[in-house]
Amino acid sequence: MPFTPESVEMVVDALRSDTRKGLTTENLLADFGHGSANARAFMQQLSDGLWQQLADSGNNKIKMLFAEWRTLYGQVADLSVLQAEAIAKELKFAWFGSPSDSISARLFVLHTYNSMLIKLLAAEIVSAHGLTSIAQPAQSMAALMDDAQMLEFIGSAIERSAIFQEAGITGFVEEAIFSWYLDIASMNIVPELLPTLRRLLSVLSLYRLDQLSQTRDVLRDLYQGLVPSKLRQSLGEFYTPDWLVDFTLNKVSSPELLTHRVLDPTCGSGAFLLAAIRKKRQLAKAKNLSAKETLKLLCESVWGFDLNPLAVQTARVNFLIEVADLLSQCPGQDFEVPVLMADAIYSPAASPNTFEPVIQYRIGSQVARLDIRLPTALALDRVSLDYMFNRMGKDVEMGIEFDECMEKVRKDKFFTEGLADEWDAPLRYTYDQILTLHRQNWNGIWFRIVRNFFWSATAGQFDLVIGNPPWVRWSKLPDLYRERVKPTCEQYGIFSKTRMHGGNELDISAMITYTVADKWLKAGGRLVFVITGTLFKNPSSAGFRTFKIEPSREDSFFLQPESVDDMKGLKPFEDASNHTTIAVFKKSEKEPYYPVPYRVWSPGIGHKRAIKASQTLEAVMDTIRYDEKEAFPVNEAGSPWAILTPDRFDAIKYLSRQCSWTKGRKGITTDLNGVFFVPILNVNDKYVQIRSRPEAGKKDIGPVKQAWVEPEDLYPLIKGASDFEECYLKISAPGINNEARLYTFVPNTGISNADYIESAERINRHDHKKTAAWFDSFEPLLQARSTYRRQMKGAPFHAVYNVGEYTFKPWKVIWPEMSSSFYAAVAGSADVPLVGTRTYIPDHKVYFSAFDDRETACYLCGLLNSATVQEWINAHNVSIQVADVFKHLDLPEFNENSSQHVLLAEKVLSAHLEHDDKARKLIVEEVKRLAEDILTNWSKQLSG
């Protein structure tokens, strides 16, 4: 070791550490996380170098890498100002570039730093296991006196994979996105970058990596310690705790797992791959397989895909950690980690039943926007594709035209003359695009990236697909990505047929389920995913619930749901509250059959919902319990599932038809409640005084405003679930604080063009000038409302949505959209100062049925509050999305000649008029008994 300040520092560090460090989460975060001064300093230097390059007026390599990374992998979902501020506080380094890049640029820095670190770790691991001639590479690199030598060493050994190739590990470092730190260092525009890099290498050299404990996914924990939780959530990154991984794998484990091919199509850091490797190694040991046989089996049968290059590199290193001891027992053995950069939704892999001579694949940002076309025979032959892309990649870098490139291909005689001629057109089309980008300084990555994506097309089919696909709604995906994957989603028919849902609330885990089952799952194979439970109930997932993989094909395969474990009653993810389920499907030629076994999990007595990620599966199982249920579609294929106790469905399925005599309506949508929902502060002989409510909603509407307005457009408001309960309207109770009572503006009577014209004309009249002035003072905010922009073409800026003649009916049966359980009440009218009695108007978080007469409303309210109807609605609705319950709920129509019906209506009215809680509870119990009698008699009539 040469005598340098760095080598002296390394000796001092070694003396301070009386033993070499183990590869643990605690050690990694202490040395390389935000708590490390070296790490913070290095990331700050990277951040400073990045913003300087982005500020350059021309194209440059780093600007290109950042733009393409952000398009392909780094798109952060819309963040509120408060979320962005919270994320910025968690990040321990600053950004001095454009504010619009603040979050995404620092995420790019974090990803680059993390990628560099895990590749350096991997180099130390292969060296520690005697697989390469370079001993302790981190120490060797840090001790080099010359900066240029050190950068060349890192570039060659790490970024160009020389150290891994020497160890017989091929294709280990394939991504081309995160090596830009070497370019920044070479430019010397941030002089402290190299000293901090040396210090990081010095600390890394103190780790002992020849004996690796195979316990937790330490690289996942490192990433989670580096990237703020709110930022990970906006990216849909919820890393699966180890106990849940084991629980999921156990659902499909058997002795046959040893030879079964396993794929995680969204593998992240590789948690499910590691669990499968460990299980297979146990089975291999029991079969007395040799190290060489075991290694070969694992490389052939445990695969991972991910779209994010950092995730791919992390999973590859994790895979290496799991098999490093086997590699050391197999000197000279070639090895390739079967973890590919690939898109599980938008893949060049064709459906098994189709064949096209040319494969088309679009990739890249708005700048690159590549339209890749490759001969299918070439794209599906990995060896040939590697040769061709290596050749084309080198020639593009040299600026050579396509014809000269193909002349070299012909001289190599790798392909026949006939194939070279046959493939000329698609290859020329692809090559010329990338050559054009190269001449615009927008190249250097494309052949490597495209090659990775096309490798997934050669992966073959798998016996088991397992994982936790991202939980990101369709509406949150980047526009360019939505444009590319929409035809795929339409092919599988998984968008809702309801125009208003339009797929915009569909979770992409649903899309991944179908594409993966079609392209990579064997017939008879099983797919087990950790997915959101809303897929089994919400309206936008109707297409998913048909479980027909290719709806346009008569010979389509199906996904047979075999079991669901519902953990909504638990909190499996420490940093997120969601509806977690583990669903097992089998790829079948037959249509799905029901019921599906459905377990509902909850905390055991004395235990909490939240489960620590560090717990083992055995420890978790001692603290939770389940109830056995059954799942059925409530009606046609694709309809929501009802989750009921065994054998209960047959007893109440008479309710499952669509109601013919009423329907549910959504309350008004204003998108700016602080302007429309107002209290009345004072009254004179002509006007009422109101004030704005900046505290209502996330949108900043400015400071409180007070104004006198005409009362003609004001109506009493039902704001949400807290305004009512079973058979009682709480805001009508005597003694209610009038200052707390809210009224809503309803300036238009409908949402047709004629209604909009009438509303605009009316508010511009002299007798509405004060109301007009109120809305004028908020015009920019009103114009910017999302519903107004998307669905109210031609409307005046003060108009509201979800309005019709039903809005103004005198009697409404109301129920909350969001509640832990279903209940209903009747809303009639209330007094509006200077105007008199006016009907209640529900907000969009309240649904209702509208009637002209009180008796029908009270009767329906009674039926809806019956135990049977509540059980039925709760069984097949998502508790945060209870909408038009009558789509799958039929009830007997009110008959004024039926004494039972009339008595039920009278009792419901009595409950609404009784303001004493105890007395009302007794009346409601009687309402429930009467309603059950009516339903029982009706069911007998239907069955008779």
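**Aromatic pairs**

I searched the whole structure and found 46 aromatic pairs, where rings of Phe, Tyr and Trp (its six-membered ring) pair if their centres lie within 6.5 Å, with planes under 30 degrees apart counted as stacked, over 60 as edge-to-face and the rest as tilted. I note that this is a predicted model, in which local features need pLDDT of at least 70 and side-chain atom pairs count only at pLDDT 80 or more, while totals for chains, interfaces and linings use all residues. Residues are numbered from 1 along each chain as its sequence is written, and side-chain values use heavy atoms, with hydrogens and water left out.

I looked up Phe319 and Phe335, whose ring centres are 6.2 Å apart with planes at 45 degrees, so the pair is tilted. This pair links distant parts of the chain, with Phe319 in helix H17 and Phe335 in strand S4 (residues 335–336), 16 residues apart; helices (H or I, at least four residues) and strands (E, at least two) are DSSP runs, numbered from the N terminus. Phe319 counts as buried at 1% relative accessibility, and Phe335 counts as buried at 2%, given that buried means under 20% relative accessible area, exposed over 50% and partly exposed in between (1.4 Å probe, protein chains only).

I then turned to Tyr594 and Trp641, whose centres are 6.1 Å apart and whose planes are at 80 degrees, so this pair is edge-to-face. Tyr594 lies in the loop between strand S11 (580–588) and strand S12 (596–603), and Trp641 lies in strand S14 (residues 641–644), 47 residues apart. Tyr594 is partly exposed at 25% relative accessibility, whereas Trp641 is buried at 1%. Both belong to a cluster linked by ring pairs, which also includes Tyr492, Tyr514 and Phe536.

**Nonpolar cores**

I asked which residues have the most contacts inside the largest nonpolar core. They are Tyr113, Phe335 and Ile363, in a core of 220 residues, a core being a set of buried Ala, Val, Leu, Ile, Met, Phe, Trp, Tyr and Cys residues joined through side-chain atoms within 4.5 Å. Helix H6 (residues 102–128) gives the most to this core, with 16 residues. Leaving out residues up to four places away in sequence, I find that Tyr113 touches Phe32, Ala39, Phe42, Met43, Leu200 and Leu226, with contact meaning heavy atoms within 4.5 Å. A second, separate core has 47 residues, among them Val813 and Phe894.
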